[in-house]
Amino acid sequence: MLWLKTLNQGEEVEIGIRDNGIGIALDICDRIFNPFFTTKPTGEGTGLGLSLTHDNCRTAPRQ
């Protein structure tokens, strides 16, 4: 299950995302946003999903 929540914070928007998955192992938490990092076997996935999403959120123009 996946839950999304948005909250108007005046000039900013807070986005909350929650799921009921098993979570992220502590030993990889510091690497999950690195480009090309993946926990999948070679040939499955590029490891760019979280990296691109993170960069887009950090560099999006503020209006």
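These exercises, each with a worked solution, concern the predicted model above.

Local features need pLDDT of at least 70, side-chain atom pairs count only at pLDDT 80 or more, and totals for chains, interfaces and linings use all residues. Residues are numbered from 1 along each chain as its sequence is written, and side-chain values use heavy atoms, with hydrogens and water left out.

**Exercise 1. Describe the fold and the extent of the protein.**

Step 1. Helices (H or I, at least four residues) and strands (E, at least two) are taken as DSSP runs, numbered from the N terminus. One helix and two strands are found, and their order along the sequence is β-β-α.

Step 2. The radius of gyration is taken over C-alpha atoms, and the globule rule is 2.2 Å times the number of residues to the power 0.38. For 63 residues the rule gives 11 Å; the protein has 14 Å, well over that, so it is more spread out than a compact globule.

Step 3. The C-alpha trace spans about 45 × 25 × 20 Å along its principal axes.

Step 4. Contact means heavy atoms within 4.5 Å. Of the contacts with a separation of 6 or more, 2% join residues 24 or more positions apart.

**Exercise 2. Determine the burial of the chain, then of Ser-51.**

Step 1. Buried means under 20% relative accessible area, exposed over 50%, and partly exposed in between (1.4 Å probe, protein chains only). Buried residues are 6% of the 63 residues.

Step 2. Ser-51 lies in helix α1, residues 49-59. Ser-51 is buried because its relative accessibility is 5%.

Step 3. Leaving out residues up to four places away in sequence, Ser-51 touches Phe-33, Asn-34 and Pro-35.

**Exercise 3. Find which residue lies over the face of Trp-3.**

Step 1. A charge sits over a ring if NZ of Lys or CZ of Arg is within 6 Å of the ring centre and within 35 degrees of the ring normal.

Step 2. The residue is Arg-18, at 4.5 Å from the ring centre of Trp-3.
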